[in-house]
Amino acid sequence: TAFAGDGSALTGVGGGVTSDSEGNTVAGTDAGASFSGTNAVDNTLFGKNAGNAITTGDSNVAVGRNALELATTQSLNVAVGLQALTAATSPENTAVGGAAGRYIGSGGYNVAIGRSAMHSSFSSGAGQGSGGNNVAVGHNSMFSITSGSDNICIGQEAGSDITTASHSVAIGHDALTSITTTGGNIGIGMHAGKLVTTGYGVVYI
């Protein structure tokens, strides 16, 4: 179909996606399918199953298939990417990248940027990432995290094996890659502390 002119006289032409009276903007099969009456407010959900289980959570952003799929009453999460924050049942997480923060569960206030950053694991119907206040930037950074908290890992595979360790800092490709449960360590630089598995409060440069 071809149109001529400035379009000012056109009628019956939709404007695309619109928001409901509560400020929710939703597009995609089963996205936002569980809203409880007018209780969910200011959510933006795009993609199949994005924010599917949200009932009363507010001000969440989920873009991508299965992004923020299991959140219910939680608010202020941002999930951008396929399966980003799929299993999150906690507030104020930010995940950008395919499967970023995928199995963060009850842990809140985390930041995961990069494919599979802070991926964690899934068991008994729930995400096993229960730690909070972690920051992971880079492909597979802090990939295995479970209950560890207050860690900062920047770089591909940085701190990728950390599970329960807390208060660690890994900056650089493969920094502190093998540490799992002992925290308080610092690795700065490519492969810094890569093979270290034990020890607390050690600095590797």
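These are my notebook entries on a predicted model of one chain.

**Entry 1: ground rules.** I number residues from 1 along each chain as its sequence is written, and I keep in mind that side-chain values use heavy atoms, with hydrogens and water left out. Since this is a predicted model, local features need pLDDT of at least 70 and side-chain atom pairs count only at pLDDT 80 or more, while totals for chains, interfaces and linings use all residues.

**Entry 2: the chain overall.** I looked up the secondary structure and found zero helices and 13 strands, where helices (H or I, at least four residues) and strands (E, at least two) are DSSP runs numbered from the N terminus. The C-alpha trace spans about 70 × 40 × 20 Å along its principal axes. Of the 205 residues, 44% are buried; buried means under 20% relative accessible area, exposed over 50%, and partly exposed in between (1.4 Å probe, protein chains only). The accessible surface comes to about 9,100 Å², with 55% of it belonging to carbon and sulfur atoms; these areas come from the Shrake-Rupley method with a 1.4 Å probe, and for residues only the protein chains shown count as cover. Among contacts (heavy atoms within 4.5 Å) between residues at least 6 apart in sequence, 7% join residues at least 24 apart.

**Entry 3: the sheet.** I traced an open sheet of eleven strands with parallel pairing, in the order β1-β2-β3-β4-β5-β6-β9-β10-β11-β12-β13. Its edge strands are β1 (25-27) and β13, each of which pairs on one side only. Two strands pair if DSSP finds at least two bridges between them; for β2 (residues 44-46) and β3 (residues 61-63), which run parallel, I noted three bridges, and Thr44 has Val61 in β3 as its bridge partner.

**Entry 4: the core.** The largest nonpolar core has 33 residues, and Leu68, Leu85 and Met118 have the most contacts inside it; such a core is a set of buried Ala, Val, Leu, Ile, Met, Phe, Trp, Tyr and Cys residues joined through side-chain atoms within 4.5 Å. Leaving aside residues up to four places away in sequence, Leu85 touches, among others, Leu68, Val78, Ala95 and Ile104, and its partners also include Glu69 and Arg102.

**Entry 5: the salt bridge.** How many salt bridges does the rule give? The count comes to one, taking a side-chain nitrogen of Lys or Arg within 4 Å of a carboxyl oxygen of Asp or Glu. Asp174 forms it with Lys194, and the closest N and O atoms are 3.7 Å apart. The two residues are 20 apart, Asp174 in the loop between β11 (169-171) and β12 (186-188) and Lys194 in the loop between β12 and β13. Asp174 is buried at 10% relative accessible area, whereas Lys194 is partly exposed at 31%.

**Entry 6: backbone exceptions.** Most residues other than glycine have a negative phi.

**Entry 7: a surface patch.** I found Ile152, Ile154, Ile171, Ile188, Val203 and Ile205 forming a nonpolar surface patch with about 540 Å² of accessible area together. Patches are made of residues with over 30% relative accessible area and no salt bridge, like charges being joined within 9 Å and nonpolar side chains (Val, Leu, Ile, Met, Phe, Trp, Tyr) within 5 Å. Val203 sits in strand β13 (residues 203-204).
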